[in-house]
Amino acid sequence: MDKLIQDWDGEYVVCRFDHETKTMMFIAIHSTALGVGTGGTRLKTYSHPREALRDAMRLAEGMTYKFALIDVPRGGGKAVLSVPDGFDPARRERLMLRFGRWLADLNGLFETGPDLGTSSADMALIARHYSGVFGLPADAGGAGSPGPETALGVFCGIQASCEHHFGTPDLDGRRVLVQGAGSVGESLIHRLLEAGCDVKFSDTDPERVEEIRQKLDLPFVEPEAVYSEACDVFSPCATGGILNAETIPQLACPIVAGAANNQLDRLEHGEALHKRGILYAPDYVINAGGAIFLPAVEGSGWSVDKARERIRGIGDTLREIFSRSKQMGISPARAAEQLAKEKVGARRNDVN
Ligand code: PHE
């Protein structure tokens with residue numbers, strides 16, 4: 001674990017073990033150059049606490065770049081609640097309350113919202129002890145889950161990617177495969193269907209698969225077959241690390257554009273996609289809808305319409321990244337990182 005921390009260029013890692021729920025809690029703050037460390041709280045079971053820490057650190061870094069590229073004055077952070085296997089749902093409330101109390105003790109070091117495995121209801125529990133929380137339920141004065149807003153940004157990002165690759169943003173008849181039909185994935189599927197796409201989906205949760213099949217009557221792709229399935233756009237909307245040495249050679253699509261955080265197992269996999277001629281929409285760019293929506297609407301009092309207009313601008317940010325990538329002969333992953341680092345760095349110089 002020490003090596004992990006030494007090799008990271010972030011600012012803080014804070015850790016606490018909650019004995020009562022046997023949960024290892026991590027908060028990683030990657031950069032406060034642009035503002036207070038902000039990001040979602042993820043709840044998941046990991047094979048080892050090291051993996052949870054690694055996830056928190058990488059996700060926090062992604063948040064730094066995400067906020068920089070959307071010009072939202074916040075820093076990058078992430079919390080991970082690494083719950084034991086078979087975590088009893090009855091203990092969830094206790095855990096959220098304890099986590100909220102811990103955040104309050106940390107005096108505003110980290111502000112948070114929903115992420116993979118957490119919901120608006122969890123945020124309401126955290127908010128009992130701590131006010132730096134976004135994504136509260138509407139009846140608690142919040143903007144709710146940002147899933148549908150994230151999906152709007154991903155949809156616009158898919159249009160921009162298609163425009164870059166096929167010469168038109170029109171999605172009518174495009175074959176799109178959505179991996180993961182959670183809150184973002186399902187909302188995205190609805191938008192794609194409305195735009196006339198030929199949509200297939202995959203999910204690892206059998207109950208979820210049944211639900212979507214009944215609601216939408218969509219073709220299902222087995223999780224093992226998802227990478228080699230031929231399509232125009234592969235849209236990963238589940239967990240991270242899925243673009244790696246094993247999956248990239250299998251891909252049978254010209255575009256990867258989806259909502260999941262940390263899709264590239266490592267940054268070099270962005271180069272591998274580029275070499276294969278596959279257009280990759282960098283995850284923290286295309287999935288920034290929630291990060292725009294929550295702080296803007298709840299934190300800065302923007303109207304929902306104004307926030308949505310801004311989310312549609314994600315398409316333009318991607319166009320800028322794709323054209324930089326083309327001009328400089330580098331991958332879009334590298335181009336996005338360069339652009340984000342320039343923004344964070346410029347601000348760092350301002351401050352000093
Ligand atoms: N978890 C989401 C993200 O990674 C939404 C979020 C944004 C949550 C900002 C909290 C703060 O973008």
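This is a predicted model: local features need pLDDT of at least 70, side-chain atom pairs count only at pLDDT 80 or more; totals for chains, interfaces and linings use all residues.
Q: Which way do strand 3 and strand 5 run, and how many bridges join them?
A: Strand 3, which covers residues 37–44, runs parallel to strand 5, and 5 bridges join the two. Within this pairing, T41 stands opposite P114 of strand 5.

Q: What should I keep in mind about side chains when I look along a strand?
A: In a regular strand the side chains alternate between the two faces of the sheet.

Q: In which order do the strands of the open sheet lie, and which are the edge strands?
A: The open sheet is formed by 5 strands in the order 7-6-8-9-10, with parallel pairing. Its edge strands are strand 7 (198–202) and strand 10 (279–280), each of which pairs on one side only. Inside that order, strand 6 (residues 175–179) and strand 8 (residues 233–236) run parallel and are joined by 4 bridges, and L177 has F234 in strand 8 as its bridge partner.

Q: Is E186 buried or exposed, and which residues does it touch?
A: E186, which lies in helix 6 (residues 183–194), has a relative accessibility of 13% and therefore counts as buried, the cut-off being under 20%. When residues up to four places away in sequence are not counted, E186 touches A181, R208, I212 and K215.

Methods. Residues are numbered from 1 along each chain as its sequence is written. Side-chain values use heavy atoms; hydrogens and water are left out. Buried means under 20% relative accessible area, exposed over 50%, partly exposed in between (1.4 Å probe, protein chains only). Contact means heavy atoms within 4.5 Å. Two strands pair if DSSP finds at least two bridges between them.
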